[in-house]
Amino acid sequence: MNFEIPKKFNALINQAHQVATEVFRPISRKYDVAEHEYPVELDMLASIMDGMNDGDLSGGAGAAKLKQDKNDSDTAGVKNGSNMATVLGLTELCWGDVGLALSLPRQGLGNAAIAAVANKEQLERYKNTWAAMAITEPDAGSDSASITTTATLDGDEYIINGEKIFITAGGRCEAIVVWATLNKSLGRAAIKSFVIEKGTPGMELVRLDKKLGIKASDTATIRFDNCRIPKENLLGNSEIDTQKGFGGVMQTFDNTRPVVAAMAVGLARASIELTQSLLKSSGIALEYAAPVNNSLACEAEMYRMEADLEAARLLTLKAAWMADNGLPNSKEASMAKAKAGRTANQITLKCAELCSTLGYDQSQLLEKWARDSKILDIFEGTQQIQQLIVARRMLNKSSSELK
Amino acid sequence: MAKDKIGIALSAVNKFAGSPLVNKLKLRKPAEKIAYVSTRTGFQVISSASVKVQQAKNFFTPADTRDKQEAALFDLSLSEEQQLIKDSLNRFSSEVIRPAAHQADNDELTSEAIFQQANELGLAAYSATAEYGGYSDTPSTLTNVLIAESLANGDMGIACALLSTVSVANALTRWGTEEQKTSWLTPIIKSLDQPQALYAAIAVNEPTPLFNPNKLITNVSPTDGGYKLNGKKTAVAIGDKADFLLVTATTPNGRQKLFIVNSALKGISIKPSHNMGLKAAELCSIDFDNVQLPEDALLGDDRFCYQTFIDLANLAWCGLAVGCAQAIQDYVVNYCNERTAFGEPISHRQSVAFMVANIGIELESMRLLTYRAACKAEQGLPFHREAYLAKVLCSDKAMEIGTNGVQLLGGHGFIKDHPVERWYRDMRAIAILYGLHV
């Protein structure tokens with residue numbers, strides 16, 4: 001057993017940290033205030049990121065590299081691959097700014113979805129496409145099996161109809177991965193994902209939402225009105241296998257949940273570090289010496305937060321490690337997301353509290369982080385959805401038994 | 001002369017093969033196919049087809065380099081040895097300890113038979129190196145944590161009783177001088193197959209609110225040729241059985257040290273104390289009234305680090321917490337699936353299911369923090385912060401899981417037909433006690 005991060009990731013972590021420090025932090029407040037303004041600084045960065053991700057690391061990192069590794073017989077032993085690399089990279093980027101990290105071109109959740117279910121030809125076709133992810137509808141959020149957006153085969157084309165909301169990077173991306181049903185009466189097995197490129201007739205950007213936090217990231221509502229796409233844009237297999245249920249489309253989540261957990265870990269660490277340094281300037285230094293009950297109340301708070309953060313971090317690494325090694329990690333991915341999401345929210349809120357008005361006014365980023373963190377306990381499955389998934393696995397219950 | 005590796009292996013095999021427990025616990029499964037050999041870090045399983053080749057490999061491959069290569073990657077898998085120790089002790093735990101737990105709690109006593117069986121398994125021998133009669137070359141903190149976890153999965157009180165002497169062996173191995181190891185450690189290991197095994201215990205806690213192990217009331221003052229020990233210790237596991245004690249005390253210059261104290265010395269009075277839980281651990285209060293200690297009673301030399309001693313004590317309790325939390329989790333999962341209300345299993349209700357999910361999430365959190373701290377300790381890396389945080393998390397979450405375990409069973413959780421009320425009482429100890437060492 002070894003819990004320390006292998007040296008081979010040092011370069012990647014350092015690069016991501018430099019981006020966070022030198023690019024994200026200086027413009028963090030600017031795009032928090034100027035919501036919906038395009039962060040032009042990121043275009044240059046995106047090309048650098050592409051280079052980083054295709055670099056010499058085993059398998060690379062980034063949304064497009066997320067994949068459940070099937071155990072290759074030729075590579076015996078333990079692997080630390082692209083899932084771990086992505087988790088480590090995103091932790092650092094989100095230490096800088098969550099909203100900006102979500103706005104990085106070609107690092108969208110849609111790219112993760114493509115990586116998870118696309119065939120070889122599709123992987124090649126969408127290699128350089130910035131893809132967002134569209135699942136949620138006005139009347140279907142966590143209950144993603146009840147989406148009403150339809151895909152109807154007409155000759156060599158699918159016709160998409162419906163409305164999608166809460167699409168992260170929906171305004172800026174080049175394509176959208178849309179969940180739609182081939183046949184509503186066949187339930188979740190008929191839900192497939194489709195790539196719809198921007199500019200396709202019948203696709204309309206309805207609006208961009210104003211939000212509590214992560215304002216640097218655009219969140220779009222998009223309507224599809226008889227939007228025609230080539231049938232090759234259906235990701236994965238078009239057959240409706242009622243045995244397999246959600247099959248492919250849900251696989252995405254096992255790989256992206258640890259990444260969102262990693263984002264929460266990065267954000268929470270930023271908040272703790274800044275709070276520690278502010279406390280230090282007031283003469284309070286953490287020494288981890290006296291038992292927690294013999295410490296000052298604020299020290300005890302800090303120790304508990306650090307312990308929770310460490311738990312979130314290790315759960316996240318575990319889920320990524322399992323994915324890298326081809327182990328089914330659905331329970332662990334949800335555990336990581338549940339723990340990291342709630343922990344980041346609690347930590348950022350408590351840090352704002354401990355720092356008094358320094359935590360509440362805009363002189364520091366603490367109040368922003370306390371707003372940004374809330375989304376991490378909501379998107380990619382809310383706290384409650386994660387608990388439901390974990391509980392079903394632990395209790396061995398189906399979704400019809402434990403609703 | 002110290003045994004060489006083959007000698008150590010043979011003596012371990014011998015000990016194992018001779019124990020009726022091996023059959024009873026199905027460790028011989030099937031005997032023709034598996035031979036147990038003890039090498040550097042403990043048990044090793046070898047399939048008979050390749051016994052000779054494997055043995056040769058194990059004896060001639062320097063294990064250190066092998067470990068280091070593996071350590072380069074983030075890896076959550078246990079070594080073969082650790083897995084085997086875990087499996088064997090889990091079986092001991094479920095087939096011997098758990099069935100005895102209720103009675104032991106009631107009697108406030110861990111039976112002779114259980115001590116004997118633990119000795120037959122050579123529990124303490126894995127805490128000592130070959131020179132002192134033990135099985136291991138290098139003490140493994142993680143393996144010690146895994147042992148605590150496995151035993152506490154059966155019962156935390158009995159685990160405490162069994163780990164008391166083991167902890168003293170761990171502490172002597174890590175901190176003792178050559179002479180101290182020869183005088184105190186070797187006899188423990190040698191006594192394992194004697195009719196009367198030696199017992200020992202570590203005394204840290206004192207009867208004061210907000211007890212802080214860095215501010216002890218128990219103290220020593222120098223005398224001609226030794227020390228005079230005064231003070232009072234509480235919650236010392238198997239205190240009345242212990243042939244000798246490791247006692248923490250403040251020295252005149254305000255530092256905390258450990259002293260090896262023969263419990264037969266004049267001025268020592270030991271009384272059983274009755275506690276909320278951990279009853280099978282036979283916790284005792286001990287008074288020290290001008291106890292005259294020889295000069296070599298001071299444990300170790302300049303390399304002794306009291307903070308590290310406390311960190312390793314904390315990790316022992318974290319290991320116990322993880323084992324007990326796992327027992328609670330397994331129990332409530334079963335119960336909530338079987339108990340019906342309003343026409344369906346109560347596990348079909350989110351308010352119930354989410355409590356179970358959170359037990360799972362926080363238990364895994366406890367486990368990962370504990371293992372990481374233990375791994376860093378074993379790798380020779382600084383691990384104080386990690387151990388501290390593991391203790392902080394385990395203290396809170398152990399009790400949370402303990403109380404939710406009872407809650408999920410409702411009224412049934414409150415009566416002694418189910419073990420959850422005992423686990424509730426035991427878990428309260430995690431944040432409080434120190435007297436163990438991994």
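With which residue does B:Glu421 form a salt bridge? In this predicted model, the partner of B:Glu421 is B:Arg425, and the closest N and O atoms of the pair are 2.9 Å apart. Because B:Glu421 and B:Arg425 are 4 residues apart in helix H14 of chain B, about one helical turn separates them; both B:Glu421 and B:Arg425 are buried. Elsewhere, salt bridges that share partners join A:Glu4, A:Glu310, A:Arg313, B:Arg372, B:Lys376 and B:Glu386 into one network, and the count over all chains comes to 44 salt bridges.

Helix H14 of chain B, which spans residues 420-427, also holds B:Arg422, whose salt bridge with B:Asp155 has its closest N and O atoms 3.0 Å apart. Since B:Asp155 lies in the loop between helix H7 (141-154) and helix H8 (156-175) of chain B, this pair ties together parts that are 267 residues apart in sequence. B:Asp155 is buried at a relative accessible area of 2%, and B:Arg422 is likewise buried, at 4%.

In chain A, a salt bridge joins A:Lys164 to A:Glu137, with 3.0 Å between the closest N and O atoms; A:Lys164 belongs to strand S3 (residues 157-168), whereas A:Glu137 sits in the loop between strand S1 (131-134) and strand S2 (150-154), 27 residues apart. A:Lys164 is buried, with a relative accessible area of 0%, and A:Glu137 counts as buried at 4%.

The axes of helices H11 (residues 350-378) and H12 (residues 384-409) of chain B come within 9 Å and cross at roughly 155°, which makes H11(B) roughly antiparallel to H12(B). Their crossing is left-handed, and the residues of the contact comprise 16 nonpolar, 4 polar and 6 charged.

Conventions
Residues numbered from 1 in each chain as written. Chains lettered and ligands numbered in written order. Predicted model: local features only at pLDDT ≥ 70, side-chain atom pairs only at ≥ 80, totals over all residues. Heavy atoms only, no water. Axes fitted to C-alpha atoms, helices over the stretch in contact; angles between N-to-C directions. Helix = DSSP H or I, 4+ residues; strand = E, 2+ residues; numbered from the N terminus. Parallel < 35°, antiparallel > 145°, perpendicular 65-115°, else oblique. Left-handed = near helix turned anticlockwise from the far one by under 90°. Nonpolar A, V, L, I, M, F, W, Y, C, P; charged D, E, K, R; others polar. Salt bridge = Lys/Arg side-chain N within 4 Å of Asp/Glu carboxyl O. Buried < 20%, exposed > 50% of the residue type's maximum accessible area, 1.4 Å probe, protein only.
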